[in-house]
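Please have a look at the model shown here and keep it open while you read. The notes that follow walk through a few of its features, from strands to contacts and backbone geometry.

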Protein chains: 2
Amino acid sequence: MKAEIIAIGDEILIGQTTDTNSGWMATELNALGIEVISISVVPDKGERITGALDKAAERSDLILITGGLGPTSDDITKNTLCDFFGTTLVRSDEVMKNIESLLGRRRVTINEKNIGQAFVPASCRVLMNLMGTAPGMWFESRGRIFVSMPGVPYEMKHIMSERVIPLLKESGIDSGIMHRNIMTYGMPEAHLAEMLQPFESELPDGIRLAYLPSSGIIKLRLTARYPDKAFSEAELTRQVEKLKSLIPGLIYSEKEESLEEVIGNMLRSKSMTISTAESCTGGNIGRMITSIPGSSDYFTGGVIAYSNDIKEKILGVRRETIIRHGAVSTECAAEMSEGVRRLTGSTISVATTGIAGPSGGTLLKPVGTVCIALTTGHGTVTKSFVYGTDRILNIRRFSLAALNMVRVHLKAL
Amino acid sequence: MKAEIIAIGDEILIGQTTDTNSGWMATELNALGIEVISISVVPDKGERITGALDKAAERSDLILITGGLGPTSDDITKNTLCDFFGTTLVRSDEVMKNIESLLGRRRVTINEKNIGQAFVPASCRVLMNLMGTAPGMWFESRGRIFVSMPGVPYEMKHIMSERVIPLLKESGIDSGIMHRNIMTYGMPEAHLAEMLQPFESELPDGIRLAYLPSSGIIKLRLTARYPDKAFSEAELTRQVEKLKSLIPGLIYSEKEESLEEVIGNMLRSKSMTISTAESCTGGNIGRMITSIPGSSDYFTGGVIAYSNDIKEKILGVRRETIIRHGAVSTECAAEMSEGVRRLTGSTISVATTGIAGPSGGTLLKPVGTVCIALTTGHGTVTKSFVYGTDRILNIRRFSLAALNMVRVHLKAL
């Protein structure tokens with residue numbers, strides 16, 4: 001089954017609202033094995049909406065439409081749908097009751113515009129919306145299914161989850177598309193692709209490999225499209241095993257998760273704790289670790305040692321080390337990491353010191369340089385890397401490099 | 001001038017990536033007075049890309065294309081564009097030099113796929129991409145402008161800001177549209193809109209007000225569309241003054257900048273320094289402050305005091321305070337803030353302790369509760385707030401609330 005999504009609304013086209021609905025719907029449809037072949041945003045203009053519906057009916061079995069169902073006069077979707085399907089508006093008592101109940105609870109009096117929302121196209125199946133006054137509408141026409149829903153994200157999600165997806169499941173949809181995600185860190189996309197070129201060219205016809213990079217992390221996605229689910233499953237497992245044997249050091253997870261989630265789970269399962277001493281990353285490693293619910297189980301805390309003074313006073317970095325090697329040095333990183341571990345009593349600790357940029361670099365230590373130290377009960381190891389010139393990207397890359405050092409250490413335990 | 005945006009990529013259609021590029025581009029184009037009439041997402045399939053380009057050329061003067069320019073074989077945009085424009089790939093020395101310089105910095109060796117990225121369609125104008133290996137490409141054909149850019153957001157934004165927008169301006173696009181941005185913090189969109197309803201209804205025909213919210217910050221954009229620039233300028237100034245008199249406490253800047261930028265400039269101009277003690281925000285305030293280049297001028301550092309032990313041991317919070325009032329209390333926040341100021345010797349300091357969620361709330365202190373303390377030479381002030389239940393949003397809101405307390409204090413000096 002092929003689907004497409006049409007988002008209606010001037011506010012998206014002028015950039016006032018970012019359309020997050022379509023991505024959410026695409027994920028849900030893909031999980032059902034329905035292939036989304038197009039997402040489009042059209043303005044609140046009748047002929048553009050009709051044009052998009054015509055085009056969609058040519059190529060898709062299921063057309064999901066969001067937006068343009070509000071009570072104000074710029075929302076014209078409902079009338080346009082009536083024209084498109086050759087039907088007229090009729091009053092729905094069920095929808096009216098829902099509107100009365102919703103507005104009654106919010107102590108809002110019902111006005112003419114609200115009453116207008118109780119009128120629905122005669123040929124549609126009404127999808128009740130308990131979260132708002134505009135109902136969803138399910139049409140079957142030209143051998144296609146068309147579903148129109150409000151653009152308010154939580155109303156759309158409610159109608160999708162409670163009405164549309166159950167109805168789609170009932171109608172026996174199952175296309176057999178399956179995915180597997182492999183998370184990698186440590187190699188740029190071009191190099192990874194070169195390395196995996198032979199693997200990719202040997203893939204059977206029913207399997208595709210995609211590279212989905214996002215600042216430092218590359219997600220590899222294998223997609224199987226065999227009619228037989230068990231066959232897809234087996235083939236995907238076989239290819240994942242092959243991938244794992246080809247790039248074992250680069251894979252940090254076989255499911256869609258972040259480095260900080262992986263580390264968190266490792267620390268929790270080993271009953272270990274971690275602390276951080278951050279200079280150039282300015283708190284970002286702490287933020288990443290604590291973005292995970294329950295991170296207080298394993299994160300004791302950290303020191304953001306931005307000035308040299310703090311490095312010395314709080315972390316106990318020796319002035320001599322800074323004078324001799326500079327604040328951006330593996331020596332300084334080591335003393336920072338040892339200092340924070342001593343201070344917090346954590347099992348392990350990690351420290352960063354570097355030059356995020358855009359200025360502050362030297363010939364020997366250019367912008368993008370970072371020194372990272374990891375301290376455990378067995379001592380301290382350090383590494384240094386050179387990344388790019390963009391401050392925000394560098395902070396992200398430095399943080400990932402530090403988290404990956406932690407991951408590699410924990411994995412070897 | 002009418003524009004449309006085509007985003008290419010299977011990852012958007014399967015919902016793995018949300019297309020935030022199109023919304024950003026739409027905002028930029030609207031600011032230039034260019035109307036965006038369509039946004040569409042198409043898969044990495046040649047015939048679908050060509051179909052979208054054909055359709056776009058029928059109705060739009062400017063077609064912006066993102067995605068599908070990576071070095072891997074699933075990225076087919078470049079070859080498809082060659083077919084579409086009837087041209088062939090030629091090697092660009094300039095692009096090759098950029099790739100060498102980028103990868104050289106990262107100490108990565110250049111491979112065949114990288115070299116492939118130096119090949120560009122012969123008929124295009126190359127838009128150099130200093131942030132990545134895939135250049136932007138500007139085509140003029142059928143009386144239309146087509147621009148293809150990588151889908152990586154920071155690369156696209158770089159090419160748009162540094163190449164495309166200047167070129168569009170050069171090509172004489174000047175619709176006389178003018179904007180003013182007013183940055184507000186502290187009131188939800190619906191309430192702000194209700195408050196500004198009379199102001200909005202009194203706006204003259206040539207001026208429009210738009211609300212551009214992004215998690216806690218609402219940018220108010222006034223747009224003037226008069227043929228006479230000087231008149232637009234004067235009218236905008238008059239309306240901005242009116243706005244300032246209506247919501248003086250909510251406006252933190254009259255230009256597009258972040259709270260952390262505003263605070264940074266205030267601290268620098270007053271030769272003051274700041275330090276942070278973060279519990280529930282886990283380093284995010286430090287990260288925000290240090291995301292600004294040159295923040296080492298005024299940020300000494302901070303302590304991420306995630307565990308109670310660290311609050312006591314490093315920051316000197318009294319155990320009694322935690323026992324009597326709890327770790328999430330204005331009393332604890334005050335001692336944290338005083339502790340970090342003492343430790344770092346900064347002019348002022350700010351501390352957060354709270355419950356980011358999703359669990360850990362109690363009846364009296366529900367998830368979303370945060371206590372914030374600000375310490376200066378004159379003592380400590382505290383505030384507490386209750387936000388929502390989403391962890392990531394709460395961390396952001398807690399951090400903004402803390403930064404805003406700092407701003408209000410600095411402003412009053």
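## A hairpin, an interface and some local details

In chain B, strand S10 (residues 207-214) and strand S11 (residues 217-224) run antiparallel and are joined by eight bridges. Strands here are DSSP E runs of at least two residues and helices are H or I runs of at least four, both numbered from the N terminus; two strands pair if DSSP finds at least two bridges between them. B:Arg208 has B:Thr223 in S11(B) as its bridge partner. S10(B) and S11(B) make a hairpin with two residues between them, and B:Ser215 in the turn shows a positive phi of about 30°.

A word on conventions before going further. This is a predicted model, in which local features need pLDDT of at least 70 and side-chain atom pairs count only at pLDDT 80 or more, while totals for chains, interfaces and linings use all residues. Residues are numbered from 1 along each chain as its sequence is written, chains are lettered from A and ligands numbered from 1 in the order in which they are written, and side-chain values use heavy atoms, with hydrogens and water left out.

### Where the chains meet

How many residues does the contact take from chain A and from chain B? Chain A gives 83 residues and chain B gives 78 residues, contact meaning heavy atoms within 4.5 Å. About 6,000 Å² is buried between chain A and chain B, with 54% of that area coming from carbon and sulfur atoms; buried area is the accessible area (1.4 Å probe) that two parts lose on being put together, summed over both.

Between chain A and chain B there are 28 residue pairs in polar contact, both residues at pLDDT 80 or more. A polar contact is a pair of N or O atoms within 3.5 Å; within protein, one must be able to donate a hydrogen and the other to accept it, and residues adjacent in sequence count only if both atoms are side-chain atoms. Two salt bridges also link chain A and chain B. Strands take part too: strand S2 (residues 35-42) of chain A pairs with strand S2 (residues 35-42) of chain B in the antiparallel sense over three bridges, and A:Ser40 stands opposite B:Ser40 in S2(B).

### Salt bridges and side chains

Over all chains, the structure holds 33 salt bridges, each a side-chain nitrogen of Lys or Arg within 4 Å of a carboxyl oxygen of Asp or Glu. Two examples are set out here.

| Salt bridge | Closest N and O atoms |
|---|---|
| B:Lys45 and A:Glu35 | 3.8 Å |
| A:Glu320 and A:Arg324 | 3.1 Å |

A:Glu320 and A:Arg324 are separated by about one helical turn, because they are four residues apart in helix H14 (residues 319-325) of chain A.

A:Arg144 belongs to strand S8 of chain A. The side chain of A:Arg144 reaches the backbone oxygen of A:Ala57 at 2.8 Å. Leaving aside residues up to four places away in sequence, A:Arg144 touches A:Ala57, A:Glu58, A:Ser60, A:Asp61, A:Ile63 and A:Phe139.

### Backbone geometry

Most residues other than glycine have a negative phi, and most peptide bonds are trans. A:Ser271, which is not a glycine, has a positive phi of about 55°; A:Ser271 sits in the loop between helix H11 (259-269) and strand S13 (274-278) of chain A.

Where is A:Pro358 located? A:Pro358 lies in the loop between strand S15 (348-354) and strand S16 (369-376) of chain A, and the peptide bond from A:Gly357 to A:Pro358 is cis, with omega near 5°. In chain B, the bond from B:Gly357 to B:Pro358 is cis, with omega near 5°, and B:Pro358 is in the loop between strand S15 (348-354) and strand S16 (369-376) of chain B.
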